[in-house]
Amino acid sequence: MITAKHEHQPRTGTGAVPAAGVTLPARTGARCEALTSLPATPEAAPALRRFATTSARAWHLGAGACEALTLVVTELVTNVILHSGSPRVTLRLRLFPGALQIEVHDTGRWHRDVTRRTGTPAALGADAAVAPEAADLLYSESGRGLALVEAYTAHTTIRPSRTGTTVLAELPLT
């Protein structure tokens, strides 16, 4: 189930890293944590997939968990790149007993209406210097991302605020 919670209180800090205390209910004391932030460009999606996969392998997660993690990270980061207008995207992974928490944060503006992109990079006037895997990401069919995230995760929360949007997804580990 995907839930959305709107926060109307101002947050402290720069907004580049998610505010403290943004966690799913009943999750404290992560065994392992990985955090990185990149410019929200098409090249960020494959880079953050690699970061997530490397972290999952270092934590000895199984192939199924790595595959699900890769899909969820790809979908959430792609949403930031395509829809938020944020200059940066932050990915935080937290390993708990029985679950992996995936947090993606942007400092852009949350849009209720999803913009769909179709066609080719050339047809859309995109920069020809975009890496091939990033171009595939940006110009393939769209519109199913959050449904895929919901299918792979036990719980997903979207928290838009004045300083950006944080999406928390909990991937069960069996």
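My rule for a salt bridge was a side-chain nitrogen of Lys or Arg within 4 Å of a carboxyl oxygen of Asp or Glu.

A note on the source. This is a predicted model, where local features need pLDDT of at least 70 and side-chain atom pairs count only at pLDDT 80 or more, while totals for chains, interfaces and linings use all residues. Residues are numbered from 1 along each chain as its sequence is written, and side-chain values use heavy atoms, with hydrogens and water left out.

**Entry: Arg92 and its partners**

I looked up Arg92. Arg92 forms a salt bridge with Glu33, with the closest N and O atoms 3.4 Å apart. This pair links distant parts of the chain, since Arg92 is in strand E3 and Glu33 is in strand E2 (residues 32–39), 59 residues apart. I took helices (H or I, at least four residues) and strands (E, at least two) as DSSP runs, numbered from the N terminus.

Buried or exposed? I used a 1.4 Å probe on protein chains only: buried is under 20% relative accessible area, exposed is over 50%, and partly exposed is in between. Arg92 has a relative accessible area of 11%, so Arg92 is buried. Glu33 has 45%, so Glu33 is partly exposed.

**Entry: Glu103**

Which side chains meet Glu103 in salt bridges? One is Arg92, at 3.7 Å from N to O. Glu103 lies in strand E4 and Arg92 in E3, so this pair ties together parts that are 11 residues apart in sequence. Arg94 also meets Glu103 in a salt bridge, at 3.1 Å from N to O. Glu103 and Arg94 are both buried. Through shared partners, salt bridges join Glu33, Arg92, Arg94 and Glu103 into one network.

**Entry: strand E4**

I then turned to E4 as a whole. Eight of the eight residues of E4 (residues 99–106) are buried, so the strand is largely enclosed by the rest of the structure. I checked both faces, and both are covered. Ala99, Gln101, Glu103 and His105 are buried on one side, and Leu100, Ile102, Val104 and Asp106 on the other.

Which strands pair with E4? I called two strands paired if DSSP finds at least two bridges between them. Strand E3 (residues 88–96) runs antiparallel to E4, joined by eight bridges. Here Leu95 stands opposite Leu100. E3 and E4 form a hairpin with two residues between them, and Gly98 in the turn has a positive phi of about 85°. Strand E6 (residues 164–172) also pairs with E4 in the antiparallel sense, over eight bridges. Gln101 stands opposite Glu170 in E6.

I stayed with Gln101. Gln101 has a relative accessible area of 1%, so Gln101 is buried. Its side chain makes a polar contact with the side chain of Arg94 at 2.5 Å. A polar contact is a pair of N or O atoms within 3.5 Å; within protein, one must be able to donate a hydrogen and the other to accept it, and residues adjacent in sequence count only if both atoms are side-chain atoms.

**Entry: the nonpolar core**

I looked for nonpolar cores, meaning sets of buried Ala, Val, Leu, Ile, Met, Phe, Trp, Tyr and Cys residues joined through side-chain atoms within 4.5 Å. The largest has 31 residues, and Leu69, Leu93 and Ile102 have the most contacts inside it. Helix H1 (44–58), helix H2 (63–83), E3, E4 and E6 each give two or more residues to this core. H2 gives the largest share, 10 residues.
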